[in-house]
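Keep the model open while reading.

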Amino acid sequence: MPLDGIVLNCIADTLNKTLINGRIDKIHQTEKDELFFTVRNNGDNFKLLITASSNYPRIHITNNIKSNPLQPPVFCMLLRKHLIGARIREIKQLNFDRILEIVFESKDELKSTIYKSFIIEIMGKHSNIILLNTDSRIIIDSIKRVGQNISSKRQVYPGLVYNLPPSKDKYNPLYIEKDRFINLINNTQQGISLYKFFYYTFNGISPIISKEICFLADFDESTSLAEINSNLAEKLWISFNLILEKIKQKNFLP
C-alpha cells in the first residue's frame with residue numbers, strides 16, 4: 001500500500017489521538033535525514049520517528065531504539081533549542097497531500113507564548129523536514145536545504161517564506177462536490193484512462209485507490225473518459241464519494 005494522502009490522513013488521525021498536548025522531552029538525530037522525538041503524554045513516553053529518507057520517508061510512533069552519534073548534528077541542536085519543553089498543539093495534513101504540519105507551543109525568554117511548526121514532506125527523493133515560525137511561515141531551517149542550484153522553482157532555506165510544493169493544479173478531493181466532479185470528467189482530456197483521471201486530478205489519490213474506485217463502480221480501469229456519459233459519471237461519483245466519506249468519518253481499516 002503506497003503512503004498516499006489517504007494513508008497519511010490516517011496517520012495524522014492516530015498521532016492526534018496519541019500525542020496532542022504531549023511535551024517534547026528529547027530529540028535525537030540518528031541519521032542525516034532521520035529524527036526521533038520522545039514525547040511525554042498522559043504519563044507515557046512515546047517515540048516519534050520522522051525521516052526524510054529518499055527511499056522510505058515516513059512518520060510514525062515506534063518502539064525501536066537506535067544509537068545516537070557522539071556529537072549531535074547542527075540541525076538536531078537547533079531543534080533542541082526551539083522545541084525541548086514545547087507541547088504539541090495540532091497535527092494536520094496540508095491540502096490532502098503527503099505533507100503533515102505539527103504545531104508546537106512554547107514560551108520565549110519573556111514568557112510570551114510562541115508557536116513553531118514542523119513540516120514533514122513525504123515525497124520520495126524530494127522529502128524534507130522543515131522548522132518554521134507558525135504565524136509568519138518564515139523558515140528557521142530544514143534537514144535538507146534546497147538552494148537555487150538544486151531547484152529553480154522552489155527553494156527551502158532559512159529566512160525564506162515557506163511555500164507548499166507545486167501541486168500541478170490538482171484538487172483537494174475532500175472539498176469536491178458532485179457537480180464539480182462531473183464537470184471535471186467532462187472537461188479533462190478525454191483520451192486518458194479512467195483510473196489515471198483520478199490520480200492526475202486529485203491530491204492524495206494513488207493509482208491503487210484510483211483502481212479501487214473503478215472497481216467499486218464496476219468499471220474497467222482502462223476505460224477512457226470519452227466513454228463516460230452522464231449516467232456512468234453518476235456511478236463513478238457514488239464510488240468516489242463512498243471512499244471520501246470513510247476518510248471524513250475517520251473510518252480507517254487496513
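## A buried arginine

Arg 58 is buried yet has no salt bridge. Buried means under 20% relative accessible area, exposed over 50%, and partly exposed in between (1.4 Å probe, protein chains only). A salt bridge puts a side-chain nitrogen of Lys or Arg within 4 Å of a carboxyl oxygen of Asp or Glu. The nearest side chain of opposite charge is Glu 34, 4.5 Å away. Lys and Arg count as positive here, Asp and Glu as negative; His and the chain ends are not counted.

What does the side chain of Arg 58 reach at 2.8 Å? The backbone oxygen of Tyr 56. The side chain of Arg 58 also makes a polar contact with that of His 60, at 3.3 Å. A polar contact is a pair of N or O atoms within 3.5 Å; within protein, one must be able to donate a hydrogen and the other to accept it, and residues adjacent in sequence count only if both atoms are side-chain atoms. Not counting residues up to four places away in sequence, Arg 58 touches Leu 3, Glu 34, Leu 49, Ile 50, Thr 51 and Ile 122. Contact means heavy atoms within 4.5 Å.

## Basis of the model

The model is predicted: local features need pLDDT of at least 70, side-chain atom pairs count only at pLDDT 80 or more, and totals for chains, interfaces and linings use all residues. Residues are numbered from 1 along each chain as its sequence is written, and side-chain values use heavy atoms, with hydrogens and water left out.

## Along strand β4

Arg 58 sits in strand β4, residues 58-62. Helices (H or I, at least four residues) and strands (E, at least two) are DSSP runs, numbered from the N terminus. Ile 61 also lies in β4. Ile 61 is partly exposed, at 33% relative accessible area. Leaving aside neighbours within four places in sequence, Ile 61 contacts Leu 15, Thr 18, Leu 19, Phe 46, Lys 47 and Leu 48.

The largest nonpolar core has 33 residues. Such a core is a set of buried Ala, Val, Leu, Ile, Met, Phe, Trp, Tyr and Cys residues joined through side-chain atoms within 4.5 Å. Phe 37, Ile 59, Leu 79, Ile 102, Phe 104 and Phe 118 touch the most other members. Apart from that core lies another, of 29 residues, including Tyr 199, Ile 213, Phe 219 and Leu 244.

Five of the six residues of β8 (128-133) are buried. Two strands pair if DSSP finds at least two bridges between them. Phe 118 has Leu 131 as its bridge partner, while Ile 130 has Ser 142.

Six residues separate β7 and β8, and Gly 124 in the turn has a positive phi of about 60 degrees. Five residues separate β8 and β9; there, Arg 137 takes a positive phi near 65 degrees.

## Helix α4 and the whole chain

Helix α4 (194-201) is largely enclosed by the rest of the structure, because six of its eight residues are buried. Those are Leu 194, Tyr 195, Phe 197, Phe 198, Tyr 199 and Thr 201. Their cover includes α3 (178-187), α5 (207-216) and α6 (230-248).

The chain holds six helices and nine strands. Of its 254 residues, 47% are buried.
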